[in-house]
Amino acid sequence: MNSPFSFRWLGCGKGFVESPPLPSDNAYPNPCPCACPCPTKEGPEVAPTSFEERKTRYRKIQDAFVHRRSSTSPVIVEIEPTTACNLACTFCPRASLTRPEGRLSEEDFLSILENLGNPPDEGMLLFSGFGEPMQHERIAVFVRQAKQAGWFCGITTNGTRLSEPSAEGLLSAGLDVLQVSLHAVTEATYRRVVRRGSYDDVVNRVESILPMCADKILLALNFTVTPWNREEIRGFGSYWRERGISHINFSPCHNRGGHFRGLRQASGPPPSTRAHAGCWTYRNALYATWDGRLLACCNDLSGKTCRGDLRCTPLREILAREKGREHLFEICLSCDFPFR
């Protein structure tokens, strides 16, 4: 099946993990009015990037991701600002996280930034991970520091903490891409897929920042296709395209490295027949936890696949140690991620 929108939908497994009991409506804190109250004046000014440059760069990154085009340098470097999250999405295995949880310190971030080395010409530093980045009060400071280091910079957020003040802080910090994960076009489906929060509240928050983001920050939407929301794909795309958002990313849910045993892609060879040596994600989408550990990928919930510590080891040294070597991790044997 082909989506009529920006990117191809590759299908979704029919089985799904059994969900834990729904939390109460008051199980998470109310969104703060501003994710970072005082970041915008710290440090030297960030050279602006034109909106057209942002669109071109983002399209190239998404194209490399969807079509698994390799590069001599990482296409995406994902950094986890925090493991705290105020939602409980059905397709996220965060509840099974056994590695340490915490928040990225500014000192550690600066060390990681230095050890990443020079930014790649076609890559992106993305604040995401197993938490909600906008819950970190220094997120706009991190964005500004990444931009000052020359990175093309993005954030993936669930949208519950977006506001005009927080968007203004990110805009002033020089953010290039803001990806909002929404996954529904009705309140009932949102509650089924996300299980906390309010669809109407997030929609109102996104729509409130559209005018200030227009032709400045590239605003994109993420929609993870599940058995419960697949009938809303067309409605979702139509609704947001009418409001001027042209970048809509539809992606299939998957078993997250075997942690969701009920999930399987509709077609393709069994995942165990493919060693990770050919895994696009391992080579091109680097994942750093809040405490600086470089993991094989985000689906390592235990931290057993640690490749090195970016707080104290340059990335080039970590990659040099791995050159010519093959590693096969337990999570690779069960993974059915379509972009691997």
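Residues are numbered from 1 along each chain as its sequence is written. In this predicted model local features need pLDDT of at least 70 and side-chain atom pairs count only at pLDDT 80 or more, while totals for chains, interfaces and linings use all residues, and side-chain values use heavy atoms, with hydrogens and water left out.

Q: How many helices and strands does the protein chain have?
A: Helices (H or I, at least four residues) and strands (E, at least two) are DSSP runs, numbered from the N terminus. On that basis the protein chain has ten helices and nine strands.

Q: Are the residues on the two faces of strand E7 buried or exposed?
A: In a regular strand the side chains alternate between the two faces of the sheet. Buried means under 20% relative accessible area, exposed over 50%, and partly exposed in between (1.4 Å probe, protein chains only). In E7 (residues 285–288), Ala-285 and Tyr-287 lie on one side and Leu-286 and Ala-288 on the other, and all are buried.

Q: Which residue of E7 stands opposite Val-77?
A: Two strands pair if DSSP finds at least two bridges between them. Strand E1 (residues 76–79) pairs with E7 in the parallel sense, over four bridges. In E7, the residue opposite Val-77 is Leu-286.

Q: Which residue in the hairpin of E7 and E8 takes a positive phi near 90°?
A: E7 and strand E8 (residues 293–295) run antiparallel and are joined by two bridges. Ala-288 stands opposite Leu-294 in E8. The hairpin has four residues between its strands, and the residue with the positive phi near 90° is Gly-292.

Q: What is the relative accessible area of His-183?
A: Most residues other than glycine have a negative phi. His-183, not a glycine, has a positive phi of about 70°. His-183 is found in the loop between strand E4 (177–181) and helix H5 (187–194). The residue is buried, with a relative accessible area of 5%.

Q: Is Asp-215 buried or exposed?
A: Asp-215 lies in the loop between helix H6 (199–213) and strand E5 (218–225). Its phi is positive, near 60°, in a residue other than glycine. With a relative accessible area of 59%, Asp-215 is exposed.

Q: What percentage of the 340 residues in the protein chain do buried residues make up?
A: The protein chain exposes about 14,800 Å², of which carbon and sulfur atoms supply 50%; accessible areas come from the Shrake-Rupley method with a 1.4 Å probe, and for residues only the protein chains shown count as cover. Of the 340 residues, the buried ones make up 57%.
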